[in-house]
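Colleague: Could you take me through one part of this model at close range? I would like a connected account of a strand, its neighbours and what surrounds them.

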Amino acid sequence: MSVNRGPARTGARGAAAWGRRVAALAVGALAVFPVAAGASVAAAADPMGPVLTSVSVDPASLGPDQVGQLHYTATSADPLARVSVRYQNSPAFPFTSDPAATPPLDGTIPVSFPQGAHNGTVGVAMVALTDTAGRTSTWAANGSVSYAGGASGPTTASVSFAAAAVTLAGFTEDVQPPVLTAVRVAGPAALTVGDTLTVHYDATDASLLSRTSVALYNQLANSTRVIRLTAPDAPASGNWTAPIDNSWANGAWHVQTVALTDRYNQSAVYNATGTGTYTPGGAFNHTVDFSGATFSLSGSSADYEPPVITAIGPAPKLAAMNGTLSIPFTATDASGVVGYLGVRLTSSSGRQFLLQGSDLPLNGTVTGTVTPTPTPDYGPFTVTDVWVQDRAGVERHYYANGTQTVNGVAVDNHSLNLGALTTTVTDPPIMHSATIVPGEGAVTVRWLPPYAWDTKTTGFVVTVPQLGRTITAAPSARSVTITGLTTMKPYTVSVQANSTIGLGRAVTATVVPRIHGQRIISAGRWDADTCTDLVTLSPTGVAYLYRGNCRGGFTGGPTVIGRGLQDERILIPHATPVPYSGENLFWSVNYDGTFREHAHTTMGRTDLDFTSAIATGWTGIATAFSPGDWSGDGEPDVMGITDNGDLYSYRHTNQDTLATGVRLGGGWGSYRQVLGAGDQNGDHHADILGLRPDGTLWLYPGNGRGGFARSGYQVASGFAGARTMLATDWNNDGRPDLLAVDSHGYLRFYSGNGHASFIYRGVIGTGWAGYL
């Protein structure tokens with residue numbers, strides 16, 4: 001910002017006259033409209049406050065060094081004690097009656113404006129009248145009247161203030177902040193306790209200053225002192241003074257900042273760096289010489305010395321990534337503690353991590369987590385620097401090259417051998433592909449062997465806190481099975497690899513052992529042909545596709561379409577048995593109660609490449625299945641039977657979410673299996689079948705609106721040997737059939753006629769017991 005200060009200030013005669021006027025104005029500036037001192041505020045015979053009847057000024061134009069007379073008239077039941085007038089200006093100037101005399105009801109007040117005032121017409125903003133009883137009435141230019149001190153009266157008035165307006169001309173307007181021209185320490189440059197510091201400044205401004213301050217800084221002690229001068233009219237040149245006592249820090253001091261504010265609240269801040277800030281205006285650069293604004297101090301008893309590290313190390317030879325590392329040290333400080341200690345270790349690639357602590361003993365250790373930044377790094381890390389602070393924040397910094405600084409100022413070299421403090425960062429062995437899979441009364445933990453470059457493994461540790469059990473496995477082990485668990489009870493299971501540098505990161509899961517559900521489902525037309533296929537899930541979490549041949553049999557052997565599904569407890573078909581309306585996907589219920597969707601989305605492929613969780617909170621579901629479009633909205637829905645035997649229907653929306661479950665009834669826990677059956681009675685609505693332990697099959701017709709058309713009734717018998725069953729159009733004749741697996745693993749085919757009647761067609765597969 002360019003600073004053009006305009007004409008020079010008026011001569012000595014004008015300055016003296018101005019000084020006399022502003023001295024009078026300063027009295028009024030302290031309190032513009034107070035209740036008169038000693039005035040009584042007790043109830044008076046007449047509570048009416050003083051009434052202003054007129055106000056005018058003569059002459060109506062004023063210049064520098066000119067004084068006008070503001071004439072007022074008023075009425076009052078009691079004598080006046082004070083008359084105050086405020087003009088509209090920035091800042092507003094108050095004028096008051098002589099405090100040593102009783103103002104008349106018809107009187108005058110001298111008015112004059114200081115150099116720096118803005119030219120133009122300025123009107124009276126308000127007039128305040130206070131009587132000897134302490135009652136005050138304030139009359140504003142907008143016609144409003146307010147009262148204080150027990151006064152009352154009209155709240156509006158028609159007194160004209162127009163005749164009191166003054167036109168100002170010939171003033172050198174103060175429109176810019178003050179300008180600092182010089183700053184220096186006056187007197188000796190070497191001080192001691194008991195001396196007085198004097199800092200002199202020179203400045204220019206179109207008006208007088210109102211506030212000034214100087215900030216002094218001792219970098220070695222990180223100490224700042226601010227000396228302020230505040231007065232209604234501070235001189236453009238002056239001194240800041242301060243006594244030196246034992247609270248000051250020894251060492252070199254320099255003026256860091258000078259701040260000047262004029263009576264128009266325009267300010268300038270000058271920094272020793274050559275920068276500054278104007279308000280208003282913003283940042284600027286300056287050339288004021290601060291080199292003479294320095295001094296040195298000695299003889300103070302204040303403790304501004306940072307701690308001294310006398311010894312540090314040794315560092316451990318090996319540290320685990322994300323583990324903790326501690327290095328011992330000894331130090332001295334007058335306070336008896338180390339306020340803060342930081343140790344930085346750096347690798348050859350520039351990665352770093354810190355050890356740090358606060359309020360440490362003088363003989364202690366500094367500890368930190370081995371987390372190199374910005375990215376992890378392994379191998380040797382060496383201490384590159386150490387910094388120590390006292391509780392006041394005074395800091396000493398040691399570097400590996402032998403140099404040191406105190407609060408950023410270089411001092412004598414140190415003798416600490418930081419380069420010898422080296423530790424090698426490595427990882428404890430990790431678990432590779434560890435899985436924790438619940439089963440029926442058991443949990444199996446599996447993992448893959450360590451890699452050749454892993455830290456050497458000394459074994460594996462599996463813990464189950466609820467049992468108070470810790471199982472230690474040999475380095476060659478790849479699984480641990482924990483038996484004797486209670487079904488439906490949650491257990492937290494963790495597995496870690498052990499090594500000479502400690503245990504590696506734990507793989508932990510909370511599992512609930514329980515009986516699994518359906519693991520054989522109809523997948524609809526999973527591949528590109530028109531035949532119905534089956535999807536199965538093995539106990540190890542492998543999903544297989546069995547392609548149907550549309551004639552009641554299979555085409556080829558099973559194909560793996562997915563792995564890692566061992567946490568899925570129940571498979572649920574997405575395809576409606578008849579007519580087929582599915583996509584290349586199916587659902588599952590996870591052991592943790594998550595309802596998931598699995599699909600293959602790539603043309604020409606059959607393997608699973610997409611999994612998404614679409615609902616949670618299914619831990620209380622004993623079994624689940626799809627009845628097809630139970631609600632009649634065209635979407636295949638889901639049903640679940642809770643652990644207490646209640647049957648719920650969950651409508652599947654076209655946004656791929658499940659609506660809140662609707663309870664359809666209780667007592668369904670008595671069935672060995674309940675399954676979606678397609679349309680079994682020819683009414684074009686989805687039905688469900690229930691298999692009882694005695695081998696009878698019961699049909700429950702749906703009404704197409706989310707409920708049952710009638711009570712269930714028996715439609716078949718002889719299925720006592722069936723352990724799992726599903727309905728699908730297996731022979732591609734458009735009618736739902738039944739497939740059942742017995743305890744021997746035989747897969748049997750029963751063709752349906754579309755009216756809940758089935759004909760046994762024989763065994764179409766063996767070895768299916770692994771899916772039971």
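**A strand and its partners**

Modeller: Ile521 has Val535 as its bridge partner in β42. Before going further, a word on conventions: this is a predicted model, in which local features need pLDDT of at least 70 and side-chain atom pairs count only at pLDDT 80 or more, while totals for chains, interfaces and linings use all residues. Residues are numbered from 1 along each chain as its sequence is written, and side-chain values use heavy atoms, with hydrogens and water left out.

Strands here are DSSP runs (E, at least two residues), numbered from the N terminus, and two of them pair if DSSP finds at least two bridges between them. β42 also pairs with strand β43 (residues 543–546), again over four bridges in the antiparallel sense. There, Leu534 has Tyr546 in β43 as its bridge partner. Five residues lie between the strands in the hairpin of β42 and β43, and Gly541 takes a positive phi near 85° in this hairpin.

How many residues of strand β42 are buried? Five of the five in β42 (residues 533–537) are, so the strand is largely enclosed by the rest of the structure. Buried means under 20% relative accessible area, exposed means over 50%, and partly exposed lies in between (1.4 Å probe, protein chains only). Both faces of β42 are covered, with Asp533, Val535 and Leu537 buried on one side and Leu534 and Thr536 buried on the other.

For the setting, the domain assignment of the protein chain includes domain 4 (434–511) and domain 5 (519–765); such bounds come from an automatic or database domain assignment.

Turning to another group of strands, an open sheet of four has the order β37-β36-β39-β40, with antiparallel pairing. Its edge strands, β37 (469–473) and β40 (507–511), each pair on one side only. From one strand to the next, the twist averages 20°, with axes being lines fitted to C-alpha atoms and angles running from 0 to 180 degrees between N-to-C directions. Strand β39 (residues 491–499) runs antiparallel to β40, and five bridges join them. Val495 stands opposite Val507 in β40.

Finally, Tyr760 lies in strand β60 (residues 758–765). Tyr760 counts as partly exposed because its relative accessibility is 40%.
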